[in-house]
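Here is a short briefing on a structure. The sequence and model come next, and notes by topic follow.

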Amino acid sequence: MNERLLNYLGLALVAVIGIAFMVLTPRFAELDAVLELTVYMVMAILALSLALIWGYGGILCFGQSAFFGLGAYTYAIAMFNIGESTIPLLLAIILPAAFAALLGYFMFYGRISDVYLGVITLTVTLILFNSVNSTAGPEFHIGTARLGGFNGIPGIPPLNWPGNKTAAIDLEGMFYLATGSLLVTYFGLRLLLASRFGRIMVGIRENERRAELLGYDPRAYKLATFAIGGALAGFAGCLFANWGNFVSPTIFGLSQSAQIIIWVLVGGRGTLIGPVVGCIGIQWLSTALGANQPSGGADWWAKILANAPLILGLILIAFVLLVPKGLVPTLGDLAQSLLRFRGRQTAKRLEPEAAE
Amino acid sequence: MDLVALLAIQVLYAIASLALISVGLAIIFGMMRVINLAHGEFLMLGGYAAIVATSHGISIWLAILVIAPIVVGLIGIIVERTIIRFLYGRMIDTMLATWGLSLFLVGLTTAIFGNTTVGISAPLGSIEIGAYRTSAYTLFVIAVAIVVLAAIFAVMRWTRLGLIARGTMQNANMAAALGVNPPRVYAVTFGIGAALSGLAGAVLAPVSGVFPTIGVAYVAKSFITVIGGGAAILSGTISASALFGAINQIATFVTTPVFGEVALLAAAIVLIRLLPQGITGRFFRRGL
């Protein structure tokens, strides 16, 4: 079959499943399930942001949660000060993007190698966590919004229709918004990757020196990729702040960063659908593990199962050692080799006839 | 005058503790090019080892200086044999796997010890500097840091083990051709690095207390120090700790501890922009 045709078929399949999911879920699912699914969708957008910069840009960012948290905090603070959600939403995208650009300038134009890059992004995340965590006193405020330190910011006003303060988006609306945004993000990224920019980006990931000798400036391309990833993560943060009406510094925390990386790693680097699948799967698993929380007593087995870091850590180690490419590419390889195997079988059966 | 002396001691203490928590990581990174993101958890385990040993009636000095390094060193060797050795040359993957290990260890200690801070009281009481008082334990930490660094220098410079280690570091293939067994050198190095981390965690346990997520507080600082220092293990660690420790302590003195930490991390980012190879990439190049 033609490869291009296969590609379009895949896209159409994703679109059909996505839209059907978006339209049908609120009709058939209970409200709490819809709420739960909404946050999965929001996190899937976050996973896509890292899928872009790590899977395609080749930039391992340990601090994707920094942009996510920054987006959430920006939205919360701007919302308390402005009251109408259009500008806060835009700010929650622009500010993380600008922050990513600034950070990216230091890292890419300083020609820091991959590994140091991971460490620096990790450090920046910790700086943000430490700084925000220590702003509990009433003297820390921006405009009328108190930062709240480790207590976080409760009661964040929800998004409203652009221009109309009173038309707040309800829970079901949030689900449509999150799922719709996820679909738009997915197809937007597919378009981006198919463009000239996307191809150069992947070229740089494959061989930076070669791309540079061909006349492309890897620093500028990486910077742009990183900023786009930051913007996406910020947008996801804004939706997240909306979903829970609450943000706290744990959003910057290391376990949040770890989760994002695990989603992408488990799902598969270099694909877009993989991280989405990984994100939803791991989140579902975490929820399921958290649900059988032991009610006191010394049942240590239940205690371990409810211990999310322990399980996530094990998953991370296991995938790095055993399935380093991630689920989706590994399954793809498996399917392909199966097809090839069957093809060979058919060829063998045909051979004697051909010889006659 | 007394204030200056006190501040000097505190700056020295900041430098010493930074050097202590970083040197184990510097050895593992400098020797094996492995970024061990579970470093903070090694420190944490050192603290727990010391506290558990003390609560079983073992002398606190023995617990800190002997038991903690041995326990964590053994854990380090197990980790190297079960995880790290499959990932040599895959730097990013080692980072991810050790990060997984870090989460796992945090989860495990939380399950065993609970999510609370445990501590041992600092021995030695306090000393007076003019009108001020400071804990004598501070001086002990500084002394331990000096002894550890001197011991590493001596081992690296004058012993056969140090010679083999330096040779493997410079060119593993050539060392192998001359009859050295690099995997064994790596396992031993990783164990020694882990043992030093355990020692550091135990030495600092009376100051900061120990809780399962304490590693997070250490890991960023020690990474920044190692990377700021650059390729040379000893001179890199010492110069970077001196720079960052001084910045941290002075900023803390002028403002608040949190801001001191932020100043340290911010200074590190600027430093890496200016010297991507770290301090020893440009200065003290011939140092160990």
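Among contacts in chain B between residues at least 6 apart in sequence, 76% join residues at least 24 apart. Two residues are in contact if their C-beta atoms, placed from the backbone, lie within 7 Å. The model is predicted: local features need pLDDT of at least 70, side-chain atom pairs count only at pLDDT 80 or more, and totals for chains, interfaces and linings use all residues. Residues are numbered from 1 along each chain as its sequence is written, and chains are lettered from A in the order in which they are written.

**Chain B overall**

- Chain B has 12 helices and two strands (DSSP runs numbered from the N terminus: H or I of at least four residues for helices, E of at least two for strands).
- Along the sequence the pattern is α-α-α-α-β-β-α-α-α-α-α-α-α-α.
- The radius of gyration of chain B is 19 Å, close to the 19 Å of the globule rule for 288 residues, so chain B is as compact as a globular protein of that length. The radius is taken over C-alpha atoms, and the rule is 2.2 Å times the number of residues to the power 0.38.
- The C-alpha trace of chain B spans about 65 × 45 × 35 Å along its principal axes.

**Helix 6 and helix 8 of chain B**

- The axes of helix 6 (residues 160–170) and helix 8 (residues 182–208) of chain B come within 11 Å and cross at roughly 110 degrees. Axes are lines fitted to C-alpha atoms, for helices over the stretch in contact, and angles run from 0 to 180 degrees between N-to-C directions.
- The two helices of chain B are therefore roughly perpendicular (65 to 115 degrees).
- From helix 6 of chain B come B:Ile164, B:Ala165 and B:Thr168; helix 8 of chain B supplies B:Pro182, B:Val185 and B:Thr189.
- Four residues of this contact are nonpolar, two are polar and none is charged. Ala, Val, Leu, Ile, Met, Phe, Trp, Tyr, Cys and Pro count as nonpolar, Asp, Glu, Lys and Arg as charged, and the others, Gly among them, as polar.

**Helix 9 and helix 11 of chain B**

- Helix 9 (residues 214–229) and helix 11 (residues 257–274) of chain B have axes that come within 10 Å and cross at roughly 25 degrees.
- That makes helix 9 of chain B roughly parallel to helix 11 of chain B (under 35 degrees).

**Chain A against chain B**

- The contact takes 35 residues from chain A and 34 residues from chain B.
- Helix 5 of chain A gives the largest share of the chain A side, 12 residues.
- By class, the chain A side has 24 nonpolar, eight polar and three charged residues.

Terms used:
Angles under 35 degrees count as roughly parallel, over 145 as roughly antiparallel, 65 to 115 as roughly perpendicular and the rest as oblique.
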